[in-house]
Amino acid sequence: MQSVSTSISRLAGARRTTQARVRREQAVTIVLFLLPAAILYSLLVIYPVFQAAHNGFYKWNGLGPMTNFVGLDNYVRILGDDIFHKAVWHNLVFILLSLVTQLPLALFCAILVGRRLRGRTFFRMVYFLPFVLSEVVTGLIWSFIYHPRGGLLNWVLSLLFPTWEPPSWLGTPNLLVLICIFVVINWKYFGYHMILYVAGLQNIPAEIEEAAQIDGASGWQVIRQIVLPLLGPTIRLTIYLAVLGSIQLFDLVWVMTQGGPANASNTMATYMYQFGFLRTQLGYGSSIAVIMFVICFSFSLIYQRRVMRQDFGD
Amino acid sequence: MTAQRFSISMLLRYVIAILIALVVLIPLVMTVFGGLKTTGDLLSNPIRWPADHLHWENYDGILQSSSFWVQMRNSLFIMLITATGVVLLGSMPAFIFARINFPGRELCFNFFTLGLLFPLAVAILPLYISLRQMGLLDSHWGIILPQIAFGLPGTILILRGFFLALPQEIEDAAYIDGCTTFGMFRHVAIPLMRPALAAVFVLAMVGSWNAFFLPLLVLNREPLWTLPLGIMRFQGQWGTDWARILAFVSLTLIPTIIFYFFAERHIVTGLTAGAVKG
């Protein structure tokens, strides 16, 4: 009797120590698993942001110590700079063009190469291909296509309209250069959005469409009344990605025009590179970064709260 | 009647699909063949077959130059370490956030996903200042570490989704068999996650291979340059010798396309998983 109770208590004690050991082992694992990522992430993603908020209050060329505190001067200068206004406007133009042409085109392609088309895998693969090319490669290829003498575009146009003198595509300081760059953005990224739409479409059961067709709905009606509403979450997501992508635009613009001619294709990022980095005004550049953060951050917050909230119901 | 209408609309779909495919492919084909012409020939007709014979000398000249191979090696090195680091450092927190309960877990997870709001292109100038303080300028680690750090939020988000999808029974069985938490991660979860890890790895590879902005700021010394920087310098040097430039572009384009044919499935998996879970 006594031996049973001692063995029971010994067993309970053993379990307690095993449990304690397991819990300790788990705690150690949690710390060891999180620590490397947390350190790297804090040092290189979070810390620079706070540092930028601080540096933005200084006039600083990045060489000596930061001593010249100028308060909000940098911000006043940026917000009063005509070139920066134009850069923001150009980002807006890219956002607008993405929303009204790129996303509809991507959706059109997703439906076009959707179910039932033979060779759809091939077409999807081709449409998506430019996404993996580097922006530098893409930018150079298209710089040649737009090349005034002997570029592919002018060559094709000279066959179609032999007498017409085409403008200098990337050399005209107005909306034309933005549209030319946007064509390249479109060429490179429409396949990305298409892939997302294709994935979204695959979640729509084929029976729903078939039922509608049996009920006599036309192809257009099926798309308008069934596909688009059910694709809502994906569409809202691609809008989000397109806007954030347009805000960050740098590589393609820098490779093709360096923000020129006459700042006609500057974006906020090329403005930051030119006026913050290249002119070694790191304090000024930091405040540009802060402004871009605030724009990204508030857009994300508002959009996720107001628009995408309904999609995270689960 | 319906069959006929069906086939006409089908035909129309094919015509449109093929036209779009041509718009994608013609610039690429033109680039590869443009490198095989003389510049004069290229400028007189950008898509015609070379007028006299194939001019391999453009490609040959680049393949003979040591700087091309140095840049190729630098790009490969940075790409492989970045992708390995992203998978290694990203899969561990993702596992914790998905399978282990502890107080403050949601807070930790939200701390990491906050990074999705700071895209690299926006954070780059502050990052440059921090890298300089840490003495990481003009070093490959100055590219690799930030790329891993900025890759973490998305990777953790994607992989957490996959870890969450593992059935609870597997985990229970492993623990009953005496598995530790680490053993569960290493010997049970990771082997089951191979497709997801491949997707994340491949996405990180593509991002690193194509990176331009960060190397542009961090790498000043030419022996450290990656291919995107090398192409820009080459274009600066040869200015209007477009055949030569297109040859250089092709030499970085062709490996990417070959890689794409093998890895496309993984890229799509990664992107759609990230999008759905994001």
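Reply: The centres of domain 1 of chain B and domain 2 of chain B, taken over C-alpha atoms, are 32 Å apart. Domain 1 of chain B covers 1-64 and domain 2 of chain B covers 65-277, with bounds from an automatic or database domain assignment. This is a predicted model, in which local features need pLDDT of at least 70 and side-chain atom pairs count only at pLDDT 80 or more, while totals for chains, interfaces and linings use all residues. Residues are numbered from 1 along each chain as its sequence is written, and chains are lettered from A and ligands numbered from 1 in the order in which they are written.

The domain contact in chain B involves 16 residues of domain 1 and 13 residues of domain 2; two residues are in contact if their C-beta atoms, placed from the backbone, lie within 7 Å. On the domain 1 side, two or more residues each come from helix H1 (2-34), helix H2 (39-44) and helix H3 (57-64) of chain B. H3(B) contributes the most to that side, six residues. Helices (H or I, at least four residues) and strands (E, at least two) are DSSP runs, numbered from the N terminus. By class, the domain 1 side holds seven nonpolar, eight polar and one charged residue. Here Ala, Val, Leu, Ile, Met, Phe, Trp, Tyr, Cys and Pro count as nonpolar, Asp, Glu, Lys and Arg as charged, and the others, Gly among them, as polar.

Helix H7 (residues 141-164) and helix H10 (residues 194-210) of chain B have axes that come within 10 Å and cross at roughly 155 degrees. Axes are lines fitted to C-alpha atoms, for helices over the stretch in contact, and angles run from 0 to 180 degrees between N-to-C directions. H7(B) and H10(B) are therefore roughly antiparallel to each other (under 35 degrees counts as roughly parallel, over 145 as roughly antiparallel, 65 to 115 as roughly perpendicular and the rest as oblique). The crossing of H7(B) and H10(B) is right-handed, that is, the near helix is turned clockwise from the far one by less than a right angle, anticlockwise being left-handed. On H7(B) the contact residues are Gln147(B), Gly151(B), Thr155(B), Ile158(B), Leu159(B) and Phe162(B), which meet Ala196(B), Val200(B), Ala204(B) and Ser208(B) of H10(B). This contact has six nonpolar, four polar and no charged residues.

Chain A is divided into domain 1 (1-40) and domain 2 (81-279), with C-alpha centres 56 Å apart. Chain A has 13 helices and zero strands. The C-alpha atoms of chain A fill a box of roughly 110 × 75 × 35 Å along the principal axes.

Between the chains, 65 residues of chain A are in contact with 71 residues of chain B. Helix H1 (residues 2-55) of chain A supplies the largest share of the chain A side, 18 residues. That side divides into 49 nonpolar, 12 polar and four charged residues.
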